[in-house]
Amino acid sequence: MKRVGILLLLFGLLAACAPAAPDEPRVLTIMTHNSFDIGEETIAAFEAEHDVTVQILFSGDAGLMLNQAVLNAENPLADLIYGVDNTLMSRGLEAGIFEPYDSPLLAQIPDHLELDREHRLLPVDYGDVCLNYDRGWFAARGVPPPTSLEDLVQPEYRGLTVVENPASSSPGLAFMLATIDHFGTVWLDYWAALRANDVLVTEGWEEAYWGYFTYASEGDRPIVVSYASSPPVEVYFSAEEFDEAPTGVVVADGSCFRQIEFVGILKGTPNRDLAEAWIDFMLGVAFQEDIPLHMFVFPANENAALPDVFARFAVIPDHPAIVDPAEIDANRDDWIEQWIETVLR
Amino acid sequence: MSFLAVDHLRKSYPDGWTLSDVAFTLDEGGILALLGPSGCGKTTLLRLIAGLEEPDGGRIRVDGADVTAMPPHRRGFGFMFQEYALFPHRNVFANVAFGLKMARWTDPAIQERVRDVLELVGLTGFERRDVNQLSGGERQRVALARSIAPQPRLVLLDEPLGALDRALRERLLKELPAILKGVGVTTITVTHDQEEAFAIADSVLVMRDGRVVQRGEPEAVYRQPATPWVARFLGLTNLLPGRAVGPGRVETVLGEMCIEGATGEAQDGPALELLIRPEAACLDRAGPNVLSGRIVERYFRGGFCRLIVRHASGVELTFDFAAALPLPAPGEPVVLSLSPAALTVF
Amino acid sequence: MKHASRTGLPGKYAGALLACLPVAYLLLFYFYPLLSILALSLFPAGRLDWVSLGRLVGSAYYLETLWFTTWQATLSTLLVVLLGLPGAYIFARYRFPGKKVLQALFTVPFVLPTVVVAMALLALLGPRGWLNLALMRILALERPPLDIQGTLAAILLAHVFYNVVLVVRMVGAQWANMDVRLVEAARTMGASRWQAFWQVTLPLLRPSLGSAALLVFIFCFTSFGVVLILGGGHYATLEVEIFYRTTYRPNLPLAATLAIVQIALTFGLMWLYARVQAQAGAPQELRPRHMTQIRPRRGRDWGLLAASLLPLLILLLLPLAALLERSLRVGAGGLANYQALFSNPRGSIFYVPPIAAVRNSLLFALAAMVLAVFLGLLVSLSIAGGPKSRSRLGRLLDPLIMLPLGTSAVTLGLGYTVALDEPPLNLRTSPLLVILAHTLVALPFVVRAMLPALRSIRPSLREAAATLGASPWHVWREVDLPIVGRAMAVGAVFAFTISMGEFGATALIYRPDLPTMPVAIYRLMSRAGIANYGQALAMSALLMAACVAGFLLIEQFRGEF
């Protein structure tokens with residue numbers, strides 16, 4: 001019995017150091033995916049200005065988050081939703097779960113990011129999914145790094161590439177969309193050739209990058225589907241000094257797919273005023289400049305200055321592949337099915 | 001008034017087995033043996049008394065108070081299980097002290113009582129021993145000590161000597177009643193072994209198929225079994241069909257036999273069964289009942305010898321004689337006389 | 001005992017009464033959210049979505065998936081049992097230095113997030129893993145000879161890695177109290193060592209072996225991360241399909257149908273199992289450990305010890321060692337990754353100090369463990385009463401309690417978010433939600449660990465205590481608890497472990513200010529930057545350490561038997 005007492009005591013101690021739940025009068029709830037991050041002070045500034053507590057509701061990855069929002073359409077879980085991207089947006093728009101808001105800040109955002117003309121979903125940031133390669137690996141072997149999608153099916157790049165399964169990974173899906181846009185009707189031939197050239201498929205970005213990409217792991221694949229922002233991120237998180245990022249990005253026209261993330265007000269919010277304030281805040285320069293080093297994507301607002309490491313080491317593709325969100329939504333299932341048939345079966 | 005009164009106790013099970021209408025009483029300090037073959041309901045009856053099973057009807061009263069609905073832990077009885085059910089995770093001391101702790105005795109009192117009880121059962125100094133490493137006899141004594149330690153009003157023993165070897169049994173057959181009498185506790189013991197019942201108890205309750213068939217002192221039960229079944233159960237196999245032909249006279253295949261006491265009012269007619277106890281025979285021709293036959297088998301049983309005798313009619317009878325007597329060998333003819341006092345009719 | 005007893009295990013009505021609380025728990029925190037999400041998914045616009053379901057019926061693919069799911073689970077279970085039994089034997093029969101720590105280490109794989117396990121296995125067996133590098137050097141090869149990615153072997157290996165401890169611990173707990181004389185008796189009757197094992201030991205071990213094998217089977221049957229990551233898309237289980245159909249290729253009616261199929265199959269299996277098991281659990285003469293366990297003395301003992309433990313050591317500890325080694329090497333190296341965990345250079349609002357993540361995880365795990373052990377106790381008691389005294393509720397409860405294991409975490413997580421978000425049960429932002437979910441998944445382990453032990457206690461022990469004046473509560477405390485204490489500790493360890501490692505449902509319901517360690521690991525791993533990866537590895541090492549500490553602590557509370 002004494003031991004049980006000790007256990008209870010221990011438990012009590014642990015419980016005592018858990019933070020107490022805040023008890024504020026007004027709460028603005030934002031539903032977002034689990035990768036969302038931002039500076040503490042940035043949020044604090046908003047909370048102070050509007051005398052509100054911002055409650056973040058982590059809801060799994062973007063796909064799961066959207067599902068929850070749709071399933072709870074009658075009884076919204078939050079006031080806003082952030083993190084729906086252009087591969088998912090049609091599904092959300094069709095479900096009619098958003099309230100439009102024509103934010104004045106939209107004026108500072110380039111037109112090509114604004115995919116919903118009714119302003120139900122407003123662009124916050126974007127990132128390009130591109131092929132990354134290990135500069136050191138290619139330099140050591142005297143092989144030129146790839147410069148286009150077509151290179152990957154050449155014999156000298158045999159067995160060098162790792163990609164993610166579009167059925168289970170967001171960059172995997174994005175990369176597949178890039179090939180669809182780039183190769184059109186023959187996109188599956190490209191994948192058949194890639195398969196013949198010994199492409200490796202993993203389920204997620206983590207396994208590809210940390211499990212097989214030569215730069216980041218013990219793996220044997222120097223080419224990986226990752227983000228255009230990965231090289232500056234590698235520099236940023238390294239103790240070493242670099243003149244050039246250790247990994248390169250293939251930015252040839254049509255070889256990257258641009259993921260744009262949106263924010264929207266959920267239908268039925270009792271805090272419409274605060275929700276609008278939040279969107280204006282999110283699209284404002286202060287928040288936008290805080291984005292790159294927290295979420296490693298690019299701010300949508302043109303006036304936002306990029307942090308030094310992004311300015312020096314990031315490459316932004318000029319002409320990423322473009323696929324209409326509605327088309328994505330309509331065909332995604334078939335495309336993935338065909339992709340699986342071609343690459344995995 | 002009697003200490004324990006069991007009244008119209010009934011219990012039936014889904015498989016059809018039934019304990020029907022059992023009633024008996026027991027005086028304070030008495031030792032009662034429930035005797036019967038396996039399946040006769042004696043253990044069930046014991047468990048009903050202990051409160052381990054719930055009766056369908058009837059009442060159990062102890063000291064005048066109805067305990068029928070009382071849960072077992074409030075009854076204050078001691079129960080010794082067939083395989084002892086010693087707590088494998090407790091040592092000897094903790095096993096014996098268990099009931100005392102439950103009764104909230106103080107530590108010094110527990111120490112003293114455990115020491116006393118262990119001394120009583122001859123296990124002084126065994127306190128720290130692991131019960132899993134004890135011999136059968138030692139386990140039996142621990143179980144006994146455990147059941148009597150809390151000074152129960154009633155001790156219930158379920159086949160207390162069942163699992164022991166013969167020598168140990170013999171010894172404990174003497175010690176057990178001495179211990180129980182020494183404590184002076186009212187006791188009910190369950191056994192299928194008449195020898196055990198007769199040695200331990202001062203009264204016996206014979207059971208068959210969930211019913212009580214006879215109740216009496218050991219000697220009386222042996223002398224005068226209530227039914228041929230009881231006789232057979234007690235190991236008395238010399239049972240012959242017969243017919244009363246007059247007062248104290250019975251006609252059987254062996255001829256006419258004289259018996260002591262009445263054959264009832266039977267004059268000429270009613271069929272009955274004659275029981276010849278194995279110790280009834282003498283190797284002479286004295287007395288009214290002379291019987292001749294041939295020895296079929298001779299078994300040496302230590303203190304006595306058992307002869308199987310075949311009568312001319314083909315009936316085989318069993319007789320016991322003192323081993324010291326000069327006895328005929330198998331195959332030899334023999335003439336015996338049967339004491340009327342050792343003959344009973346049903 | 002021929003007839004049901006009035007003492008000890010609860011009778012029919014008491015059993016039903018005991019079952020009330022767990023049943024209420026299941027109704028509220030399992031069936032209500034589950035049915036909510038299934039209903040919402042199946043009837044999107046208030047009616048059944050036939051179009052989406054057409055895909056299921058019209059495709060042989062799902063039948064193939066079901067076939068693969070079943071067959072890999074069967075194979076995995078066989079392998080796990082085969083590899084686990086020698087370990088169980090060693091832990092049951094021998095006392096040797098370092099045993100406790102080894103036991104704790106063997107349990108660690110159970111908590112590790114699948115991504116981390118995949119990395120660990122790759123570090124060992126990947127193209128440039130230890131094994132391939134060694135083989136390349138020895139055989140002078142140009143390319144790595146072994147390629148495990150996307151093979152069935154990789155999946156099986158990972159399943160063994162995760163689950164072998166279930167057999168080692170659960171069977172070991174029963175084996176340790178088994179009377180060695182039974183085997184000795186068989187040997188004197190001319191049985192060889194092998195025959196004695198086959199004819200005596202194995203049948204007697206059936207209750208715990210059955211429990212462990214069942215849990216392993218269900219784990220592998222609903223395997224998700226392992227198949228997803230190591231199967232490389234070539235293989236899919238029902239659970240993986242449910243995940244696909246809930247996330248990247250959303251088709252909620254289809255996902256719901258697959259979830260129902262999986263739950264129904266689980267239930268059928270449990271029901272069958274519960275029926276068989278209720279008859280198998282005969283009370284035995286239990287022996288305390290100090291009588292059944294010996295110190296290895298002769299060379300033969302040590303040989304047996306080494307031969308039995310070596311495969312497990314290689315299989316379980318090498319990947320863990322590889323992980324640890326990497327956490328010290330990746331990025332800046334040394335302790336830099338660990339130190340970096342403690343700083344928040346970017347002032348991120350969701351920065352999790354490692355201490356906080358450790359604290360949150362431990363807190364959730366302890367709470368879930370206490371709750372699961374409490375509810376599991378009630379369930380076990382109400383089920384264990386033997387077929388005669390078992391209430392209808394108890395009989396149903398046995399398979400029901402296992403259902404959460406057969407339910408996909410994603411489905412359940414979604415169910416929580418759609419069902420438990422309105423008053424009076426508005427728990428969406430409550431930290432309780434995580435505990436409730438973890439308890440649900442941990443409960444089957446407690447029950448499965450305790451039932452064989454409870455059933456092996458002779459009723460006469462409880463009756464003896466009762467006649468000595470022990471009330472039912474005292475009987476439980478003085479007889480059952482000390483004897484089943486070890487089994488309960490095993491159940492508690494697994495409950496704790498499940499909670500420490502749970503990610504699938506946690507990711508959907510945790511509060512950003514109270515992240516668990518797996519959540520922190522996934523967050524760190526989800527972005528580029530070697531330092532992040534190094535920190536994720538360091539956090540994984542901390543998770544291992546926290547678990548080992550937790551196990552050793554829990555082991556202190558087990559019964560004395």
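**Note on chains A, B and C of a predicted model**

1. Between chain A and chain C there are six salt bridges, a salt bridge being a side-chain nitrogen of Lys or Arg within 4 Å of a carboxyl oxygen of Asp or Glu. One pair of chain C and chain A residues, C:R245 and A:D333, has its closest N and O atoms 3.0 Å apart in a salt bridge. As a general point, side chains of opposite charge can pair when their charged atoms come close.

2. On conventions: the model is predicted, local features need pLDDT of at least 70, side-chain atom pairs count only at pLDDT 80 or more, and totals for chains, interfaces and linings use all residues. Residues are numbered from 1 along each chain as its sequence is written, chains are lettered from A and ligands numbered from 1 in the order in which they are written, and side-chain values use heavy atoms, with hydrogens and water left out.

3. Which chains share the most contacts? Of the two pairs of chains in contact, these are chains A and C, where contact means heavy atoms within 4.5 Å. In chain A, 74 residues are in contact with 66 residues of chain C. About 6600 Å² is buried between chain A and chain C, and carbon and sulfur atoms give 60% of that area. On the chain A side, A:L71, A:W210 and A:E218 lose the most area to chain C, together 12% of what that side buries. Buried area here is the accessible area (1.4 Å probe) that two parts lose on being put together, summed over both.

4. A salt bridge links C:R326 to A:E218, with 3.5 Å between the closest N and O atoms. This pair crosses between chains: C:R326 sits in helix α15 (residues 299-329) of chain C, and A:E218 in the loop between α8 (205-212) and β8 (223-227) of chain A. Helices (H or I, at least four residues) and strands (E, at least two) are DSSP runs, numbered from the N terminus. C:R326 and A:E218 are both buried; buried means under 20% relative accessible area, exposed over 50%, and partly exposed in between (1.4 Å probe, protein chains only).

5. C:R249 and A:E337 also meet through their side chains in a salt bridge, at 2.7 Å from N to O. The pair joins two chains, because C:R249 lies in the loop between α12 (238-246) and α13 (252-280) of chain C and A:E337 in helix α14 (residues 325-343) of chain A. Are these two residues buried or partly exposed? C:R249 counts as buried, at 4% relative accessibility, whereas A:E337 counts as partly exposed, at 28%.

6. Chain C also meets chain B: 32 residues of chain C are in contact with 36 residues of chain B. The area buried between chain C and chain B is about 2800 Å², with 61% given by carbon and sulfur atoms. Two salt bridges are found across the interface of chain C and chain B. B:R90 and C:E478 form a salt bridge whose closest N and O atoms are 2.9 Å apart. Chain A and chain B have no contact joining them, and their closest C-alpha atoms lie 16 Å apart.

7. Chain B has nine helices and 20 strands, and its C-alpha trace spans about 70 × 45 × 35 Å along the principal axes. Of the 346 residues in chain B, 53% are buried. Among chain B contacts between residues at least 6 apart in sequence, 64% join residues at least 24 apart.

8. Helix α3 (residues 92-102) of chain B is largely enclosed by the rest of the structure, because nine of its 11 residues are buried. The buried residues of α3(B) include B:V92, B:F93, B:F98 and B:M102. What covers the buried residues of this helix includes α4 (107-120) and α5 (136-148) of chain B, together with α22 (459-467) and α23 (472-501) of chain C.

9. Within chain B, the side chains of B:E316 and B:R310 meet in a salt bridge at 2.7 Å, N to O. B:E316 is partly exposed, with a relative accessible area of 40%, and B:R310 is partly exposed, with a relative accessible area of 41%. Elsewhere, salt bridges that share partners join A:E218, C:E325, C:R326 and C:R329 into one network. Over all chains, the structure holds 39 salt bridges.
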